[in-house]
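Subject: Two-chain model, handover and findings

Hello,

Here is the structure I promised to pass on. My notes follow below it.

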Amino acid sequence: MKGKIVIPKVALLFFALGLTGLVLGLGTGSIRAQSQDMGAALEADTLDETQASKLESEREFPVPLTPLPKTITPCRACHGPEKDFPVNFKRREDLLVHKNLKLNHGGVRVWCLDCHNPDDRNYLLPLSDGKPIDFEHSYLLCGKCHGTKFRDWRSGIHGRRTGKWNGEKTYYRCVTCHDPHSPKFKPIEPMPPPRRPWTPKETKARH
Amino acid sequence: MSDQTDSFSKENSNSARASGSEIVQRPDSQPTDNRTVLSDRRTFLAGAAGLLGMIAVSSCTWQEFFQNNFRRMSKEEIEQTVHRLQEEYKKKYGKEFVVGTEAPLDATLFGYGLDIQRCIGCRRCVYGCVEENNQSRDPQIHYIRVLRFRDGNMDLEQSDIYYDPEEVPEKGYYYMPVQCQHCANPPCTKVCPVQATWTEPDGIVVVDYNWCIGCRYCMAACPYMGRWFNFTDPGIPKDQVNPNTHYLGNRPRMRNVVEKCTFCIQRVRQGIYPKCVEVCPVGARKFGNLLDPNSEISKIIKTKRVFRLKEELNTQPKFYYFFSI
C-alpha cells in the first residue's frame, strides 16, 4: 500500500522541481530581457546627451525667432564709434536718455555693460566663444548666469510653450515674460472668484 | 430643445384635460363598481400611452433614446450619431459644429504637471477652460478650483476658493489649482452603475453624456471634487460657444448629466496642448506623454520634487504637483 503511494509522491516531487526550474528559467529570462532593455535605454540616454552637448557647443537650440521691434537695435546711432559716447562702466542713477528704464536686476551686481556689448551696442556680450549675441538670441546670455533656469527652460520645465505637445511649439523666451531690466514678475489682477452656491436663508422653522 | 419641451407640456395638459372631463362625467352616469374598474384601466392606458408618447416626442428622439454606449457603437452608428448631434447643435446654436471622435494615439499616456511654486492664483486657467470646454455659464460650472492656502498650511479644509484681492500673488499665501486628477485607479469609474464613465487607453477619464443616467455616484466617489452636475440645461451664450468639439469631451451637454475635465480631449488627441496650459501667464502648467522619456512631464518627474494630491487614497493620479526650485 505504502509503495503505491510513494511512487506518485516521487513523481509529484520531480514534477514540482521541473515546474520551479521552468519558472526560475523564465524569470531570469525576463530579467535578462529587462536588463537588455535598460541597456538600450541607457544607450539612448547617452546618445541624447551627446546630441545635447553638440547642440550646446553650436549654441543652437530650436527656438523659432520672432523679430523684435526695429526701434530697439539702432543703438549705434548714438553709441557708435563716430558719435563717441564715452564708455562708462560706473553705476549711476540718472540714465539721461534712457529715463524710462529702471534697472532693477540683481541690485549692484549688474550694470548695463554686464549684458550690453560696449564695443558694439547693437549686440549683447559674447559667450566664451567670442561671437557676440544678437538680441533675438538673448536667452543664451541669460543662461550664462541663470544656468539652472536655462536648463529647465530648455527641457520645457520653466517657462511657457504653446502649440503641439508632440510637435511644433512656440517657445516663450526669457524676455517675453521677464523685463530684462526689471525681471521680477509683476502682480496682476485675478479673474473673478466663483459664485457661491445658493444656500437657503435662515428660517424660523424649528425641528 | 425648447419646442420639444413645449410639445411635452401640451401633451401633458391634453391628457390632464381628458382625465378631468372623465371625472366630471362620472357622477352623471352613476357608475357601478365594474365600471369604475374599467374607467381606471382606461385612464391607466391613456396615461401609459401619454408616457410613451412623452418619451418618443418630447425628451429625446427615438434615435437618441436607443443610442448605444459609445464603446459598443459600430463605425456607422458613430457616424450617424455625430451627424445627428451636428444637426442638433446647429439648430440650437446656429453654428457648424465639428464633433470629433478621434481615437487615442498609440504609445501615449497623458500626464500633467503643475508648478505649485509658480502659480500666482490669477484664475486665467479657470476661465480659459470654461470658454474652451463649453461649460455652463449660468448656472456656473468651473472644472478648475484654485485653492488659496496660508504659507506653511496644507490643510485642504482651511483653503479658500473665493479669494478676491486687487492683485495676485498675495504675500503670505500660495495657490493650488485642483481639477480632475485623471487617476490610474479612479474611484469614480468603479461606482458608475451603467459604465457611462471609463478610462481611455491614453489615460483620460471620460464620460459618455448620452449614456449617463445622472445618479451622481461618481461625484460622491471622487475625492478631488473633480466632477460637475448639470442641474439645468447649460446656459452658454450662442456667440461664445466653441464649435470644435469631441464626442467624449466638450460637445454641449444636456440637463441631468455629469461632466468633467478631459485634458481638452479635442485638442490633445490632435497633438495640441490643453487650453489651461496655453493660457497660464506664468507657465506653471505642463503637459506631456508619460511614456516618452524626453517629454516635459517625464523630465519633471525625473528631476523635480513632485507630489500627488491625496496619494494615501491609492487613486494614483496622473496629475503631478511639483516644486521648480
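Start with the open sheet in chain B: four strands in the order E10-E2-E12-E11, with mixed pairing. Strands here are DSSP runs (E, at least two residues), helices likewise (H or I, at least four), both numbered from the N terminus. Two strands pair if DSSP finds at least two bridges between them. Strand E10 (285-289) and strand E11 (305-307) of chain B form the edges, each pairing on one side only. Neighbouring strands in this sheet are turned by 30° against each other on average, direction ignored. E11(B) and E12(B) run antiparallel and are joined by three bridges. Val306(B) has Phe322(B) in E12(B) as its bridge partner.

H10(B) lies across E2, E10, E11 and E12 of chain B, at about 105° to E10(B). Axes are lines fitted to C-alpha atoms, for helices over the stretch in contact; angles run from 0 to 180 degrees between N-to-C directions.

A word on provenance. This is a predicted model: local features need pLDDT of at least 70, side-chain atom pairs count only at pLDDT 80 or more, and totals for chains, interfaces and linings use all residues. Residues are numbered from 1 along each chain as its sequence is written, while chains are lettered from A and ligands numbered from 1 in the order in which they are written.

Chain B overall:
- Chain B has ten helices and twelve strands.
- Of its 325 residues, 36% are buried (20 or more other C-beta atoms within 10 Å of their own; exposed is 12 or fewer, partly exposed in between; C-beta atoms are placed from the backbone).
- Among contacts in chain B with a separation of 6 or more, 66% link residues 24 or more positions apart. Contact means C-beta atoms, placed from the backbone, within 7 Å.

Next, the cores. A nonpolar core is a set of buried Ala, Val, Leu, Ile, Met, Phe, Trp, Tyr and Cys residues joined through C-beta atoms within 7 Å. The largest has 58 residues, and Tyr112(B), Phe263(B) and Ile265(B) touch the most other members. Elements giving two or more residues to this core include strand E2 (110-115), helix H5 (124-132) and helix H10 (296-303) of chain B. Beyond four places in sequence, the contacts of Phe263(B) include Phe110(B), Tyr112(B) and His182(B). Another core of seven residues lies apart from the largest one, with Leu140(A), Leu141(A), Cys142(A) and Cys174(A) among them.

In helix H3 (residues 138-145) of chain A, the buried residues include Leu140(A), Leu141(A) and Cys142(A). The buried residues of H3(A) pack against H4 and helix H5 (174-177) of chain A.

Leu85(B) sits in helix H4 (residues 75-93) of chain B. Leu85(B) is partly exposed because 18 other C-beta atoms lie within 10 Å. Not counting residues up to four places away in sequence, Leu85(B) touches Val99(B) and Arg251(B).

Between the chains, 25 residues of chain A contact 36 residues of chain B.

Finally, confidence. Chain A averages a pLDDT (the predictor's confidence in each residue, from 0 to 100) of 73, and 60% of the residues score at least 70. Where pLDDT is low, the predicted coordinates should not be read in detail.

Best wishes

How values were computed
Two residues are in contact if their C-beta atoms, placed from the backbone, lie within 7 Å.
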